[in-house]
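Q: I have a protein chain open in the viewer and would like to talk it through slowly. Could you help me find my way around?

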Amino acid sequence: FAVYLVSRGYYPVLLVDGKFVSARMFWEGYQAASLYYENVRRVYSTPTASSEALTPADIQLSVLDQLVENALIHRAASEELGNDLGGLVESRIEKIKVDENLQDAVRELYGMDLAGFRESILVPQAEREILAGRLFLKGKKLEEWLPEARKSARVQTFSGRFRWADGKFERLE
């Protein structure tokens with residue numbers, strides 16, 4: 001059973017305030033970000049773009065960073081709204097018209113199916129917007145809350161290539 005879980009990517013790559021982030025989530029995010037980046041580079045390429053190109057390690061760092069941010073936002077939104085969070089997220093997502101054009105665009109831009117896009121992109125974005133609204137009602141801004149949440153977060157990475165320090169990832173290589 002353990003071999004099956006590991007082969008499917010259900011082992012942790014991060015621990016964010018006691019919650020595991022799986023290798024599967026990281027790998028899906030990395031594949032989507034890499035494909036999206038290559039698509040953008042292909043469309044908007046310039047003669048100097050090659051010298052400014054992101055490396056795979058840059059993209060990995062960005063994906064890890066986004067996974068931490070998503071986990072922090074999810075935790076804070078859950079604390080604010082409790083059981084109501086799921087319903088509010090669903091009400092935001094259901095407004096998006098799902099048709100064949102959207103499915104094709106998601107597959108072309110991110111290399112994902114709609115279910116993966118929903119879980120990796122739409123749900124975290126909806127939670128972000130909901131938390132921003134709750135913070136606004138308290139006279140706070142997400143842009144001010146997030147750096148403090150990142151600095152106080154307990155993040156452990158199970159990679160020898162990156163480490164978390166002072167609210168951000170650093171490369172060790």
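Predicted model: local features only at pLDDT ≥ 70, side-chain atom pairs only at ≥ 80, totals over all residues.

Q: Okay, how many helices and strands does the protein chain have?
A: The secondary structure of the protein chain consists of seven helices and five strands.

Q: What share of the residues count as buried?
A: Of the 173 residues in the protein chain, 35% count as buried.

Q: What about contacts between residues that are apart in sequence?
A: If you take the contacts between residues at least 6 apart in sequence, 62% of them join residues at least 24 apart.

Q: Let's turn to the helices: at what angle do helix 2 and helix 3 cross?
A: Helix 2, residues 23–43, and helix 3, residues 56–81, cross at roughly 125°, and their axes come within 9 Å. The two helices are therefore oblique to each other, and helix 2 passes helix 3 in a right-handed crossing.

Q: Which residues meet there?
A: From helix 2 the contact involves M25, F26, G29, Y30, A33, S34 and Y37, and these meet P56, I59, Q60, V63, L64 and L67 of helix 3. Sorted by class, the residues of this contact are ten nonpolar, three polar and no charged.

Q: How do helix 3 and helix 4 pack?
A: Helix 3 and helix 4, the latter covering residues 84–93, pack at an angle of about 115° with their axes 8 Å apart, and the two are therefore roughly perpendicular to each other. On the helix 3 side the contact is made by H74, A77, S78 and L81, while helix 4 contributes D84, L85 and L88. This contact has four nonpolar, two polar and one charged residues.

Q: And where does helix 6 come in?
A: Helix 6, residues 114–137, packs with helix 4 at an angle of about 110°, and their axes are 9 Å apart. That makes helix 4 roughly perpendicular to helix 6, and the crossing of these two helices is right-handed.

Q: Which residues of helix 4 and helix 6 meet?
A: L85, L88, V89, E90, R92 and I93 in helix 4 meet R118, L122, V123, A126, E127, E129 and I130 in helix 6. By class, this contact divides into eight nonpolar, no polar and five charged residues. L85 and L88 of helix 4 are also part of the contact with helix 3.

Q: New topic: what is the phi of D17, and where is D17?
A: D17 has a positive phi of about 50°, although it is not a glycine. You can find D17 in the loop between strand 1, residues 12–16, and strand 2, residues 19–22.

Q: What about D166?
A: D166 has a positive phi of about 55°, although it is not a glycine. D166 lies in the loop between strand 4, residues 162–165, and strand 5, residues 168–171.

Q: Is D166 buried or exposed?
A: D166 is exposed, because its relative accessible area is 61%, and the word exposed is used for values over 50%.

Terms used: Residues numbered from 1 in each chain as written. Heavy atoms only, no water. Axes fitted to C-alpha atoms, helices over the stretch in contact; angles between N-to-C directions. Helix = DSSP H or I, 4+ residues; strand = E, 2+ residues; numbered from the N terminus. Parallel < 35°, antiparallel > 145°, perpendicular 65-115°, else oblique. Left-handed = near helix turned anticlockwise from the far one by under 90°. Contact = heavy atoms within 4.5 Å. Nonpolar A, V, L, I, M, F, W, Y, C, P; charged D, E, K, R; others polar. Buried < 20%, exposed > 50% of the residue type's maximum accessible area, 1.4 Å probe, protein only.
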